[in-house]
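User: Could you take me through one part of this model, the place where two of its chains meet?

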Amino acid sequence: MLKEIRIHGRGGQGSVTAAEVLAHAAFIEGKWVQAFPYFGAERRGAPVKAFARISSAPLLVHSQVYCPDYVIVLDPYLYKVVDVTEGLKKDGVIVMNTKRKPGELGLEGWRVATVDATGIALELNLLVAGLPVVNSSILGAFAKASGEVKLESVLQAVKETWSGGAGEKNARATELAYERVVRWWDGEG
Amino acid sequence: MTRMVVDTANHLAGYAAKAARVKVVAAYPITPQTTVVEKIADFVESGEMDAEYIRVESEHSAMVACIGAAATGVRTFTATSAQGLALMHEALHWASGSRLPIVMAVVNRAMGAPWSIWPDLSDSLSQRDTGWIQFYCADNQEVFDMILQAYKLCEDERVFLPAMVCLEGFILSHTYAPAKLPEQSKIDEFLPPYKCGWMLDVDRPYSHANLVSPEWYMEFRFMIQEAMENAKRLIPQVANDYGKRFGHGYGGLVERYKCDDADLVLLTMGTIGSDAKLAVDKLRQEGLKVGSARVRVYRPFPVEEIVDLAKNVRMFATIDRHISFGMEGFLASEVKASLFGQKDRPLFAGFIAGLGGRDVTAETVEKLAKRSLKWTDLGKVEKETEWVDLRE
Amino acid sequence: MVAMPKKRRDLPVTPLSYPTVGSMGKTGSWRTFRPEVNYSKCTRCVLCWVFCPDAVITRQEDDSPKIDYDYCKGCGICANECPVKAIIMVREEE
């Protein structure tokens, strides 16, 4: 079993951390994992990509991810400048931080799950330097939408990444997103 | 307690320096090496690692500081990449000539100009003549293991040479993957306290590496060559010892994969050697007899292993992640040189791929293998050196 | 004092040089001019001792200079630095 995930975000949003926490969660469940960034010009606000692989056996592959099974999008406006569906498998799933519906995002024909991760962050006052932290919640949404990792594993990984009060808040965000994510292809929406 | 972690090769290099009980680290930051020394700085700051961290103003200073430290009798470590390694160049010669067992992690990055932060092997391979032992890793675990093995090897009195443990930038350095960290007490049993062939002593002062006339210089250089030959013999011994204690092995100087009955063997270095195994499996499923061999130790060059590998193989194809301008890929040249004295030699094709971090996938390797097999059947190679997927 | 090696196997791993007095032989024979000290003019300022590049001047108990003519190369720096011109450079006899 091999699942490949691509994460889209903007510099500073924690896309790389999201990949690492996701990998940790899968590792807790006994999977072999990889998590890595694609480094381009690094600056806050620039589009960045990070990747994760979850496998049932040790991985020999070191090249980049071209045909992900899942795409996670941390920024609600990124889809306008980046083709988040590039290479995505036909039955792949996009998990997106947005208040909108798939039809409004130009993602018809794709299996999309949405959650207002920004809203959750603002609700919980989960901010860093004034900006909402969306990576912990999006991983909760991913767990529910994909079924690839259990919520408990993500929560454990989150608490191991952020300690103390920050850990608790991030974990709460994860839980809320897990509850609130909508899988539009399931007839939920 | 042995524990499994999920971490980057850079952090694991830091863990290895700590596990090896390194006492002095002198380093200058450069992408993609930075997190190696940041990790070590964290360890030193927290007291977890009993070492002196010297913040120097350049990589050249880093290497000469390491030379000074090693000369006072302490285990020394540093790390760098690309331009930083090049900046150290004259000091690299000095370190090996002084016979100091310094270990350095080289996080491979393409040389500028043009500027690049992405991986290829041009940085460390352009230093192949400096008298440093060179290891090339294909995964995170190997980086950790080889740093420990490097100290054991380099501090052997039959060696007393410095070593580079090379790992590709981003592909390994920044990629989180699982790895096993053995128990410290077991590492201490494997790696005894620091030893070197000479040591500065304020009670008995002398200086090292002074002027040597033409009457004796050649002999000092011959001794370095001898040490390299000794290293060639000792590397598998150290690896076996390590394997027995900790359970990981990589198959010696050249890691072979399905080469026994192969018509074509792909020769690689670094992580391409790992993806090549996936290509081999796919090709074998199609009934094609292909194997791959990853050269793990570039200096000393595994001449005997290459000669042995070439027996009964119809074709060798090397994949070089670097080029020696005006000639060809480094691996291609040295493989050919190793085989020159043999009566029967396989056909040979050299491929240049992955420069400046251009991704090399298992599919690409499969494609190269199929081209090579076509030439094998024709009995003639179309081009001795081919650049892969070059834009028109 | 370590003996000079005769065979390759006698070599240390890297050349090591121990400090010795006069490892290049008695360099006093290089002189054309020798420094002569006028001890009544000498103010014991020890500048000649500080500046001698070959460390052939010893600072005596009373701070006056003693020159080791076995090794003094006659460079004249001590004479040049002496603030009261107590040292003069004199042509060596054949």
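Analyst: Happy to. Two residues are in contact if their C-beta atoms, placed from the backbone, lie within 7 Å. By that criterion, 16 residues of chain B are in contact with 10 residues of chain C. On the chain B side, strand 9 (207-208) and helix 9 (217-246) each supply at least two residues; helices (H or I, at least four residues) and strands (E, at least two) are DSSP runs, numbered from the N terminus. The largest share of that side, three residues, comes from helix 9 of chain B. By class, the side of chain B that touches chain C has eight nonpolar, six polar and two charged residues, where Ala, Val, Leu, Ile, Met, Phe, Trp, Tyr, Cys and Pro count as nonpolar, Asp, Glu, Lys and Arg as charged, and the others, Gly among them, as polar.

Please keep in mind that this is a predicted model, in which local features need pLDDT of at least 70 and side-chain atom pairs count only at pLDDT 80 or more, while totals for chains, interfaces and linings use all residues. Residues are numbered from 1 along each chain as its sequence is written, and chains are lettered from A and ligands numbered from 1 in the order in which they are written.

Strand pairing also links the two chains: strand 9 of chain B and strand 1 (residues 16-17) of chain C run antiparallel, joined by two bridges. Two strands pair if DSSP finds at least two bridges between them. Within this pairing, S207(B) stands opposite S17(C) of strand 1 of chain C.

For a look at a sheet inside one chain, chain A has an open one of seven strands in the order 2-3-1-4-5-6-9, with mixed pairing. Strand 2 (32-38) and strand 9 (182-183) of chain A stand at its edges with a single partner strand each, so one side of each is left without a neighbour in the sheet. Seven bridges join strand 2 of chain A to the antiparallel strand 3 (residues 47-55) of chain A.
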